[in-house]
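Subject: Structure for you

Hello,

Here is the structure I promised. Please open it alongside this note.

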Amino acid sequence: MAETDPPVSLKLVGTIHGRFSDQPTDDLTNPDTTSVWLRNNGFPTVLHLTDEEVADLRALRQAIFDIFTAQTTGAAQHPAAVAELNRALGHGAVALASVDPQAPDRLIAVDAAADRADAVLYRIAADALALTTGPHAHRVRQCTAHTCGTFFVDTSRAGNRKWCSAATCGNRARVAAHRTRARDEVSDT
Ligand SMILES: [Zn+2]
């Protein structure tokens with residue numbers, strides 16, 4: 001079962017590791033760690049967010065988490081989460097531009113503010129919007145590892161994928177199941 005690269009909005013949610021564990025860790029604790037994450041996820045390398053902008057990004061992350069939690073559990077959407085997402089969408093500055101001198105007849109969509117924090121928020125919010133209203137909305141699932149909390153798009157044909165990643169949560173679950181089995185076998189003897 002192939003795991004495709006997750007949409008960036010779900011990757012943002014995944015920057016909290018072990019969300020439901022005793023000791024969750026966060027990749028976005030300050031501007032420096034946030035820069036690393038942005039760089040690793042295809043955002044311009046010149047970006048360096050201020051503390052306030054990091055707080056905005058974390059607020060967007062919470063909103064996306066809340067929206068997908070409601071969507072995957074059938075609970076009512078929280079208006080504050082929707083408002084937060086809409087605020088980020090309001091930063092959009094997409095424009096048409098001619099960028100290829102070899103093809104002067106061609107226009108492409110460019111993000112007019114790609115090197116600004118606003119554009120980061122916009123791009124991630126637009127990704128969440130496309131995901132929650134698009135054809136794969138019903139395929140968004142929450143990882144079944146009980147401490148994880150990350151969402152993923154289940155692209156498996158059977159639609160029965162359980163973990164955000166087979167390599168991390170899936171492997172941990174298999175190891176735990178194996179340990180339980182081994183313990184049961186010992187106590188049976
Ligand atoms: Zn997981």
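Below is what turned up, starting with the metal site.

This is a predicted model, where local features need pLDDT of at least 70, side-chain atom pairs count only at pLDDT 80 or more, and totals for chains, interfaces and linings use all residues. Residues are numbered from 1 along each chain as its sequence is written, and side-chain values use heavy atoms, with hydrogens and water left out.

Zinc site. The SG atoms of C143, C148, C164 and C169 coordinate the zinc ion at 2.3 to 2.4 Å. Donors here are N, O and S atoms within 2.8 Å of the metal (3.2 Å for Na, K and Ca); water is not among the atoms, so sites may look incomplete. The arrangement is tetrahedral because the donor angles run from 105 to 118° (the cut-off: all angles between 85 and 135 degrees). The donor spacing in sequence is C-x4-C-x15-C-x4-C. C148 and C164 are both buried (under 20% relative accessible area, 1.4 Å probe, protein chains only).

Cores. A nonpolar core is a set of buried Ala, Val, Leu, Ile, Met, Phe, Trp, Tyr and Cys residues joined through side-chain atoms within 4.5 Å. The largest has 31 residues, and L60, I64 and I124 touch the most other members. α3 (51-73) is among its suppliers and gives the largest share, eight residues. Helices are DSSP runs of H or I, at least four residues, numbered from the N terminus. Beyond four places in sequence, L60 is in contact (heavy atoms within 4.5 Å) with L12, E84, L85, A88, L121, I124 and A125. A second, separate core of seven residues includes C143, F152, C164 and C169.

Best wishes

How values were computed. Buried < 20%, exposed > 50% of the residue type's maximum accessible area, 1.4 Å probe, protein only. Helix = DSSP H or I, 4+ residues; strand = E, 2+ residues; numbered from the N terminus. Tetrahedral: all angles 85-135°; square planar, octahedral: opposite > 155°, others 65-115°.
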